[in-house]
Amino acid sequence: MEKIELYNGDITKLKVDAIVNAANTSLLGGGGVDGAIHRAAGPELLIECRRLNGCLSGQAKMTNGYLLPASHVIHTVGPIWRGGHQHEPELLTSCYLECLKIADKNQFKSIAFPNISTGVYGYPKKEAAQIALTTANSFLTKHTYPHIVLFAIFDEENLNIYQKLMSLND
Ligand code: AR6
């Protein structure tokens, strides 16, 4: 996993080609990482998001980064955890994959992901981390772009989980 790195902190501080937003289907902002990204990017982000007509769960749409150090924001909508039998794993995998496909298509060298769905959407953190790492790792082995995938970790539980999973895969 030499092209995957952990960053412990606020994703809005990262100067990368794209940061990923864990949005909702309206794409009109919310709490958590979504709120932090909209606050840091400034009001122009919402103006662009209004033109996107929302986004389905498991899909992704890109905007500019405006006042963020990151050039772009890729908005994706994670699944709400409903017990695991409502296609949650497939939808979460699709979120990571669709964002990586956008990065590849635009020849982005760097992309940073938050821990999609593991906040208010309630996805179990370990299962979500396994999906994030497996999907990124497999994509990186098959594509030139992105060169590096950062996982921006905001809470200690996720940090411990990612560190453990990554050391197992070394
Ligand atoms: N930088 C990095 N990670 C963060 C930050 C930050 N600044 N702030 C929070 N996190 P959540 P979800 C982590 O709830 O579960 C919104 O209202 C947080 O610790 O933001 O996908 C949307 O509008 C957690 O690990 O997203 C949707 O309605 C992770 O980001 C809904 O929440 C995701 O938590 C989406 O829920």
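**Loops, ligand and pocket**

Colleague: Pro146 lies in the loop between which two elements?

Modeller: This is a predicted model, in which local features need pLDDT of at least 70, side-chain atom pairs count only at pLDDT 80 or more, and totals for chains, interfaces and linings use all residues. Residues are numbered from 1 along each chain as its sequence is written, and side-chain values use heavy atoms, without hydrogens and water. Helices (H or I, at least four residues) and strands (E, at least two) are DSSP runs numbered from the N terminus. The loop that holds Pro146 runs between helix H4 (125–142) and strand S6.

Colleague: What is omega for the peptide bond that joins Tyr145 and Pro146?

Modeller: Most peptide bonds are trans. The bond between Tyr145 and Pro146 is cis, and its omega is about -5 degrees.

Colleague: Which residue has a positive phi although it is not a glycine?

Modeller: Most residues other than glycine have a negative phi. The residue with a phi of about 50 degrees lies in the loop between strand S3 (60–64) and strand S4 (72–77). It is Tyr66.

Colleague: Which element supplies the largest share of the shell around the ligand?

Modeller: The ligand is surrounded by 23 residues, each with a heavy atom within 4 Å of it. Strand S2 (18–23) and helix H1 (32–41) each supply at least two of the shell residues. The largest share, four residues, comes from H1.

Colleague: How much space lies in the largest pocket?

Modeller: A pocket is an open set of points on a 1 Å grid over the protein atoms alone, where a 1.4 Å probe fits with protein on both sides within 12 Å along at least five of seven lines. The ligand sits in the largest pocket, meaning that more than half of its atoms lie within 2 Å of the grid points. The space there, filled by probe spheres set on the points, is about 580 Å³.

Colleague: Which residues of the lining are the closest to the centre of the largest pocket?

Modeller: The lining has 27 residues, each with an atom within 4 Å of a grid point. The closest to the centre are Ala22, Gly32, Val33, Asp34 and Gly119.
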